[in-house]
Amino acid sequence: MRTSTPEMLASPPFKHLVRRRWLVSLSLLAVLFVTYYGYILLIAYDKPFMAQRIGEVTTLGIPLGVAVILVSWVLTAVYVVWANAAYDPEVRRLRDQVEHGRGR
Amino acid sequence: MDTTLGTPTLSAIAFFLVIVVLTLAITYWAAKRTRSTKEFYAAGRSVSALQNGLALAGDYMSAASFLGITGLVALKGYDGMIYATGWLVGWPALMFLIAEPLRNLGKYTFADVVAFRLRQTPVRIASAVGGILTVLFYTIAQMVGSGNLIKLMFGISYESAVIIVGVIMMAYVLFGGMIATTWVQIIKAVLLLVGVTVLTGLVLAQFGFSPSALYAAVVERYSQAALEPGGLVTNPIDAVSLGLALMLGLLGLPHILMRFYTVPDARAARVSVLYATGFIGYFYIIIPIVGFGASALVGRDLITKIDAGGNMAAPLLAEQLAGTPFLGFIAAVAFATILAVVAGLTLAGASALSHDIYTHVIKGGHATEADQVRVARWATVAFGAFAVVLGIVFKGQNVAYMVGLAFAIACSANFPALFLSIVWRRFTTPGAVASILTGSILTVGLIVISPTVWVDILKYPQPIFPLRNPAIVSMTMAFAVGILVSLLTREPSAEAAFEDEKLRTYLGIGAE
């Protein structure tokens, strides 16, 4: 038997799926905010910290700037790996229940 | 050093012609595949994740980022690098908050999502206002920038440059729709990434492939200050406000959002963001090396002599390192960059006019396919011609603030309504309209009385509003007004439809 729309919306697996999707994406967003605005506020409030030398002339600010970009990409990759491995299979399972009535 | 910059060299013209002939050939091929609205607006939803990732990068990496950020790093050092990071951080946010729901809920424009369960006419009109304002300011900045850049690089007049850009990009969009636009953006992204990679390699080769040696050369020629934060980030609130506009503004740029409808499903949309973030991140990591290279090898005096804003740092460096042919290549790449970005903007502007206003508001959602495609093409001509006229009207004006303005409107007018419509059951039509109008009017109003326009352009001694970018105030107000007005009104049909929408948002059931 196919699962009706109201049944699916009320079902614990669907609610769990939606909650988990936002939990993962909002946690990653929080890390992104801390990384980027942390970097900006560090520059605004503590320029000497960013200007301290880590090599002959290279300042700490240079690797930190590159790190902000790398962290942004890694967060994106983490989301994709999670979504492909954990989110998509569950989406397919629930979708099949509504469309074909399989997997109950 | 002598430069051939500003005179049309044989190599520059040859590279330029190769790019134009190639892209027009693709447009011819694409035109035969562009009959339905799905093909015109969304390339038949047949674009792969990798192709869309490249096209997103091609849509986003403008000549302003390539030439402007290189110049900023060359002249101001580390501050240019701070600026560069802000351009990337919107991409993860786009992925986490809206990429998948946007793909599942919409058809051709972001207004499809906002209007999904609300009353079509008011929401479509308001979304089109927010969308068109964003695209318009972005387009003015691009057109004026392209007129100046092409004049500097090829020595032709500003007006002819603007008209050439207008005619070529209109040919792409008019005949080849999204299919041609996608391929133009892919070609441009590849050329730009290759060009900047070669330039970076040539710079590093001068310093034994050691970035530290490059930094040492910059410090020796100028001072340690080139590697330290300077005056860009002084007021923390202003810096955070600009950061918000750059980050969340991406989530409201119509020409970027539109690209998500070109892929088959939400999974492809997601993977395409990962590719785009990779390409764009790589670009912003290596661009400062080119900028520092220009500083150390070309020198700030010569760069500012050619163009006070520093925009010619990358072309000058290319010429010095590998001669006139490579300068020609870089100049042609910059030209292709402008064409691809303006084509994407024109398609987005035209689709707001034709899909949102004509099909849904004027025709009440009932127009034949042939009729819709015909109107979309007329809208392209109208928007493209308007862009050329604006480019000429704004000749000689300082329009650098307009990109910031476009991002501020995108994050204040488009993003709050889009996001609330996806996640909040109680969001209502009056709430959406009020939020979009608050965001649009407040952003434009505040930027006029901010230091950016009030002091820099209108030359008053004191700004009325202290922040250079109003996003932190205007976006917060757009959210607040959208929520407040929704709570004061009830729309039972929209609340009921939210349940069905959830199956489509999260499971993709019924997605187009």
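In this predicted model, chain B has a mean pLDDT of 92, and 100% of its residues reach 70 or more. The model as a whole scores ipTM 0.94 and pTM 0.94.

Chain A contains 4 helices and 0 strands, and from the N terminus on its elements follow the order α-α-α-α. Its radius of gyration is 22 Å, whereas a compact globule of 104 residues would have a value near 13 Å. Taken along the principal axes, the C-alpha atoms of chain A fill a box of roughly 70 × 20 × 15 Å.

Between the two chains, 45 residues of chain B are in contact with 46 residues of chain A. On the side of chain B that touches chain A, the elements that give two or more residues are α5 (78-86), α6 (90-105), α10 (211-221), α11 (236-249), α13 (266-298) and α21 (492-507) of chain B, and of these α13(B) gives the most, with 10 residues. By class, the residues on this side of chain B divide into 30 nonpolar, 9 polar and 6 charged.

| Helix pair | Angle between axes | Distance between axes |
|---|---|---|
| α8(B) and α18(B) | roughly 20° | within 9 Å |
| α4(B) and α5(B) | about 150° | 6 Å |

The axes of helix α8 (residues 120-154) of chain B and helix α18 (residues 429-448) of chain B cross at roughly 20°, which makes α8(B) roughly parallel to α18(B). The crossing in which α8(B) passes α18(B) is left-handed. On the α8(B) side the contact is made by B:P122, B:V123, B:A126, B:S127, B:V129, B:G130 and B:L133, and on the α18(B) side by B:T429, B:A432, B:V433, B:I436, B:L437, B:G439 and B:S440. This contact of α8(B) with α18(B) has 9 nonpolar and 5 polar residues, and no charged residues.

Helix α4 (residues 63-76) of chain B packs with α5(B) at an angle of about 150°, and α4(B) is therefore roughly antiparallel to α5(B). Here B:I69, B:L72, B:V73 and B:K76 in α4(B) meet B:D79, B:G80, B:M81, B:Y83 and B:A84 in α5(B). The residues of the contact of α4(B) with α5(B) divide into 6 nonpolar, 1 polar and 2 charged.

Conventions:
Residues numbered from 1 in each chain as written. Chains lettered and ligands numbered in written order. Predicted model: local features only at pLDDT ≥ 70, side-chain atom pairs only at ≥ 80, totals over all residues. Axes fitted to C-alpha atoms, helices over the stretch in contact; angles between N-to-C directions. Parallel < 35°, antiparallel > 145°, perpendicular 65-115°, else oblique. Left-handed = near helix turned anticlockwise from the far one by under 90°. Contact = placed C-beta atoms within 7 Å. Nonpolar A, V, L, I, M, F, W, Y, C, P; charged D, E, K, R; others polar. pLDDT = per-residue confidence, 0-100. Rg over C-alpha atoms; globule rule 2.2 N^0.38 Å.
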